[in-house]
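Visitor: I have the sequence and the 3D view open. Can you walk me through it?

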Amino acid sequence: MSATPCRLRSAKIAPGFRDVPGLISKHFIWSETGYAGGVYQWQSRQAAEAFYSGPWRQGIIERYGVEPQIGYFEVFCIADNAASTVRTFEAA
């Protein structure tokens, strides 16, 4: 299976994520197994939960016929080679 349809869809919808409250970044991902999704970084767990419980969730169900699989992880350090920075975060 080709990544092309997923790549095209991602490029089309990515600008809409610039205005999502509390969203720091979203990485659009795809695997050769056919799985696709996103890795989101949020300012807070509350912002993430508000987004995932809104129209986004229903859109996933309507488009793909499945409930989205959502997991939460705490980010405690980011090594950003593009920006030549390392950022660490205090415990919440």
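Visitor: Which residue of β2 does F28 stand opposite?
Guide: F28 stands opposite G38 in β2. This is a predicted model, where local features need pLDDT of at least 70, side-chain atom pairs count only at pLDDT 80 or more, and totals for chains, interfaces and linings use all residues. Residues are numbered from 1 along each chain as its sequence is written, and side-chain values use heavy atoms, with hydrogens and water left out.

Visitor: How many bridges pair β1 with β2?
Guide: Seven, in the antiparallel sense, between β1 (residues 23-30) and β2 (residues 36-42). Strands pair if DSSP finds at least two bridges between them. Strands (E, at least two residues) and helices (H or I, at least four) are DSSP runs, numbered from the N terminus.

Visitor: What about the turn?
Guide: β1 and β2 form a hairpin with five residues between them. G34 in that turn has a positive phi of about 100°.

Visitor: Back to F28. Which ring does F28 pair with?
Guide: First the count: 13 aromatic pairs. One of them is F17 with F28, edge-to-face, at 5.7 Å centre to centre and 80° between the planes. F17 lies in the loop between α1 (4-13) and β1, and F28 in strand β1, so the pair ties together parts that are eleven residues apart in sequence. The rule: rings of Phe, Tyr and Trp (its six-membered ring) pair if their centres lie within 6.5 Å; planes under 30 degrees apart are stacked, over 60 edge-to-face, the rest tilted.

Visitor: F17, buried or exposed?
Guide: F17 is buried, with a relative accessible area of 15%. F28 is partly exposed at 30%. Buried means under 20% relative accessible area, exposed over 50%, partly exposed in between (1.4 Å probe, protein chains only).

Visitor: Which residues form the aromatic cluster?
Guide: F17, F28, Y40, W42, F51, Y52, W56 and Y72 form one cluster. R45 lies over the face of Y72, at 3.6 Å from the ring centre. For that, NZ of Lys or CZ of Arg must be within 6 Å of the ring centre and within 35 degrees of the ring normal.

Visitor: What else does R45 do? Which residue forms a salt bridge with R45?
Guide: E49 does, with the closest N and O atoms 2.8 Å apart. Both lie in helix α2 (residues 45-52), four residues apart, about one turn of the helix. R45 is partly exposed at 45% relative accessible area, and E49 is partly exposed at 36%.

Visitor: How many salt bridges does the count come to?
Guide: Two. A salt bridge here is a side-chain nitrogen of Lys or Arg within 4 Å of a carboxyl oxygen of Asp or Glu. E67 forms one with R57, the closest N and O atoms being 3.0 Å apart. E67 lies in the loop between α3 (55-64) and β3 (77-80) and R57 in helix α3, so the pair ties together parts that are ten residues apart in sequence.

Visitor: Switching to α3. Which residues of α3 are buried?
Guide: W56, G59 and I60. They cover an arc of only 100° around the axis, which puts them on the same side of α3. The arc is that of the directions from the helix axis to the C-beta atoms.

Visitor: What covers them?
Guide: The cover includes β2 and α2, with contact meaning heavy atoms within 4.5 Å. The face of α3 turned away from the buried side carries the exposed residues P55 and E62.

Visitor: And the other hairpin?
Guide: β3 and β4 (residues 85-88) run antiparallel, joined by four bridges. I78 stands opposite R87 in β4.
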